[in-house]
Amino acid sequence: MHSPRVKKKDLISIDSAQLIKNKNHGYRKSSSTNPAQISKPRSKVNTSFNARLHVTTQVYRSTPGSRLVPQLIVGQSMKRRDLVQKTRNVSMNGEKNGTASPPAVTNGHGNLSPEAANGERSCPMMSMKSRTPSPQQKFIRIQNFSTGKQYVDTLHQKRETTASCSETRCLGSMMFPEKASTETRPKEEVLNHAVDFINEYYDHIKKRLTPLYESRIKEVKQSIESTGTYTLTEKELIFGAKLAWRNSARCIGRIQWTRLQVFDARNVSTASEMFQAIYSHIVYATNKGNLRATMTVFPPRKDGKDFRVWNPQFIGYAGYTQPDGSIIGDPANVEFTEVCMTLGWKGNGGYFDVLPLVLSANGGEPELFELPSSIVLQVEISHPSYDWFAALGIKWYALPAVSCLMLDIGGIQFPGAPFNGWYMGTEIGGRDLCDPQRYNMSEKIAQEMGLDTNSYSSLWKDRAVVEANFAVLYSFQKAGVTIADHHSMSDSFLKHMDNEQRLRGGCPADWVWIVPPISGGVTSVFHQEMLNYKLRPSFEYQADAWKVHSWKKNDGSPKPKIKGITFKKIAKAVKLSTAMMNSAMAKRIKVTILYATETGKSEYFADRLCEVFRYAFNPKIMCMDEYDFTDLENEALLLLVTSTFGNGNPPSNGESFYNILEELMLDEYRSLMNISMPKFAVFGLGSKAYVNFCAFAKDIDRMLINLGGERIFKVGEGDELSGQDVSFNTWARDVFKKSLEEFCLEDDENYKDAVKMLTTEGQQWNSDDWQSIGTNDIEPEITNGLSAIHRKSINMCKIISVENLQSEKSGRSTILVKMSTKGSNEMDYEPGDHVTIFPANEESLVNRIIARTDLQGISADAVIRLEKQETKTTLFGKVQSWKVCDRLPECSLRMALSRYLDITSTPTPDFIALLATFTDNKEDKKNLSTLADGTSLYEDWKFEHHPNMAEILEEYSSVRIPATLLMAELPVLKPRYYSISSSLRMFPGEIHLTVAVVTYKTREGKGAVHNGVCSTWLNCLKPGDEVPAFIKTAISFHIPANPSTPVVMIGPGTGIAPFRGFWQERTHYLKDKNNSDKLSANWNLYFGCRQSCMDHIYKEETQKAKNGLALAEVYVAYSREPDQPKTYVQDMLKKNSTKLYNHIMKDDGHLFVCGDVSMATGVNKAFLHI
């Protein structure tokens, strides 16, 4: 049963003092005692209550001998004994309970307290304080009296402090609770807060009671024990800052708490550096009117020394006291204006003069800084129906950045932690402009409206404040500045309460502050009971900086704290250029670039993207499988570059990233998510020869959008068959420009420099920035070197045999390579998996390149370490240092060209542009520069000649390329993937490969002979030679678990490779006679080749497998068989349409296809026909 409902007929006003809700200060007693300023009851309240309003933070009324009744429902005639009788038997869960359930200890939220039941006057918070709840009393029920919806709040049990209310008085509507102390906290208190916070943080990231947690908690305790404090990590700081906003009971706009952008400015040491950070904060948060919730955190209190922003808000208007006692400007800022003027600031004496910033660093003397007008966005206030409104000359600033509160996280106090959201219209239109102790514009507006201001019954105040509020909303929206109306904000707060109830069992809320200052009764929050309690992390009120600052005389001796400031000017005004500010801002906007790759091309593009974003941001780059998803909510911008593997699958180093995103997409996870998703953009690499072109990139884009991410640019697509580099450069340029706009960093020089880097104009190689240092070391083990480059555990296999499977009369070669895994468990596999091979380049090509290389005085066989000189721009100028280039291990140039670098692929336009800088021959330079433009001319040249590095250096013989450039810029040699052609159960410790040896002539058979890198290398190996490799699992290409499931295998040519492992596995299975009865003869193989006597590989094996029942049928299509028509596998499929249909559609069979793209297209059409 719900507690007794009372009609919302009459409202009771505050009987003793007017409560004025100010946008900075909330409700407080007015200094005025004018009875006209005290609202009166709209109608008579039933005398049976004989009540005076007792205001708590929930605006409840207490009556003698009755339970606490919400003000919003008072008005129904009800005798005290009836009310008490109806509420005595309401248990804590809101159901009737006439037996042993104890009376409810409440916070005034719809349940009876013992004191109220016994006729005692009590405060609900005091009830919570004065009595330890029994197990049945660990929650409090609150209700919405408009909808009847109820919540059960359990979160209040985690409150940090007890209420300051007592049995005889309630402080719920006091403006300032107890202000934070200026003293340094004792270490015992710091430790308690720290442990609670660290526990909460590690619970949030789901790593509680892990070794990482244990290490961190130990580190924190040791630091507090030895120093009395500790340092929050950046992630902890961001989490704590967001949580402080989430816990702010007085804020109506907390639904956006996860989207708070936190800037860590704990590294600043001077007031000038504070100003740089604030400048950046204002620019970022203002965002040309599209405001963003932002916080900047300055260093914490240490040894009683604070970093303080003296202004109540970053932006505020001066208030000038006139000789007659009147005020021009904002009366709320009169005292602070006097402080600024004493510091040397001279205002213009206007109504809307923007105050300067006053900052003090590390307890030092305050310094004054003018805010450039270019970053202070202001809105001229007008009205769509009243032309005279604009003539009033009213304006207001767009960014409400509160800077006077202290942030308290885990026992660490941050006196300087300014933050902003955006305005609710009533804050300006109701409070700032119309409050009598502020601009007091209501009477002027009413007079212009022609209202009778001599009679309250004309409701001129109400009508004036509504029009003022409407004018503010209209003007902000017209100017494109973010603002919200009080009805929308009220609705969003109730949604926030719903979210919080679901996520953590409650939501602290101060009714006095949450209900908007105008039209309160018609907003949705007015009818919602709220429970007010304090959680940490939190924002704390603190004394005004000028009232607690220890001023010093000229001789350095302390001055007493003073009320009227009489000291001389002690600060200087500082203005910094916009360019410097943008530079400072850029260092703070972090960009994370993730890549996933099988061949290294995505990593190459990601590196390029990182170089571009260094012009204006602070980027970092990492592989997707190294990414910690707990960082996701802290990202400002996420850029992803990835290829697609196989049939639309992620590359191996992108699988874990993809799997986590898939988990987050599940309903059970999404309902519990309370993290913000970042802005992002995705670039995909692939080949349009495949059906699922760039499928993984598109999947990532789709999932991030569905999870709430904000795409700043459409998915980029790079086709390796046509202008992939050009596509990437265009996308990178556009994404960089869009990112500058998103983060308000539109610096023309940054953009021009970045674009220049993406063009041939920017492809310059400065030999002075690179050096190769000779070492006395020997060449590292090849597996160690490859593991370092590819970030994989790579194992060495040993060649058992290499056998040619085709006839000696055939002009082509297909080889069966058998390798021993040498007993390594890491090389275990299932039929259908792939083995990744790391080949070597042909020795002749390596020698040809070395012959054309400037060795710079170092032997091609000497082991060297490559280093790059980096230049960083700081506030103190440019600093240069040498950094080891870790893209390659320490090795010789010969080893790098043989095993680590790709020398057979045609160089990119960017690399060709670099070659053009190393020749003085005008003809060579011109031709190379033309190719480097990356136009269709380059694509045609690449398609026809497919020149490798050796051929280019020989064709343009005047080019003499430095060895350091080759090692730093040539792409990494790609590993090759082969389907495994064996069963580990039939051949323990072995891996078999079916490899077509690639050899071809360029220029349609008229050019140079090119050999496939890996197939040629494997074909030349001898028994005992070693092959670096690792296993890549192909889960979607495994044999079905049920051995009776029909299987159709289609694999012409070397496409038969994985199916050899299939039938071997099945043959091994059938060796157990107990298994033979479990099978049905339903495995069918479709194979294709040219001629039966030339390239019908594994002919005897497949026949043997058929005889042994491992295969039911083997269908072979010959495309070049003498005296027979051309037949392809798709033709065989069509002939067996009925059988295939039954296997796949009726018997739930599995279909496997392996081969080239053209074959797959034909097979797809055949099945569409079937």
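At 0% relative accessibility, A446 counts as buried, where buried means under 20% relative accessible area, exposed over 50% and partly exposed in between, with a 1.4 Å probe and protein chains only. The model is predicted: local features need pLDDT of at least 70, side-chain atom pairs count only at pLDDT 80 or more, and totals for chains, interfaces and linings use all residues. Residues are numbered from 1 along each chain as its sequence is written, and side-chain values use heavy atoms, leaving out hydrogens and water.

**Exercise 1.** Find the helix that holds A446 and list what A446 touches.

Step 1. A446 lies in helix α11, residues 442–448. Helices (H or I, at least four residues) and strands (E, at least two) are DSSP runs, numbered from the N terminus.
Step 2. Skip residues up to four places away in sequence; A446 then touches L451, T453, W460 and A464. Contact means heavy atoms within 4.5 Å.
Step 3. V465 is 19 residues from A446 in sequence, and their C-alpha atoms are 8.6 Å apart.

**Exercise 2.** Work out how α23 and α25 meet.

Step 1. The axes of α23 (residues 782–790) and α25 (residues 893–900) come within 12 Å and cross at roughly 70°. Axes are lines fitted to C-alpha atoms, for helices over the stretch in contact, and angles run from 0 to 180 degrees between N-to-C directions.
Step 2. The two helices, α23 and α25, are therefore roughly perpendicular.
Step 3. I782, G785, L786 and I789 of α23 meet M895, R899 and Y900 of α25.
Step 4. Now take I789: its relative accessibility is 9%, so I789 counts as buried.

**Exercise 3.** Which residues of α32 are buried?

Step 1. In α32 (residues 1013–1020), 6 of the 8 residues are buried.
Step 2. They are V1013, C1014, S1015, T1016, W1017 and L1018.

Definitions and conventions. Angles under 35 degrees count as roughly parallel, over 145 as roughly antiparallel, 65 to 115 as roughly perpendicular and the rest as oblique.
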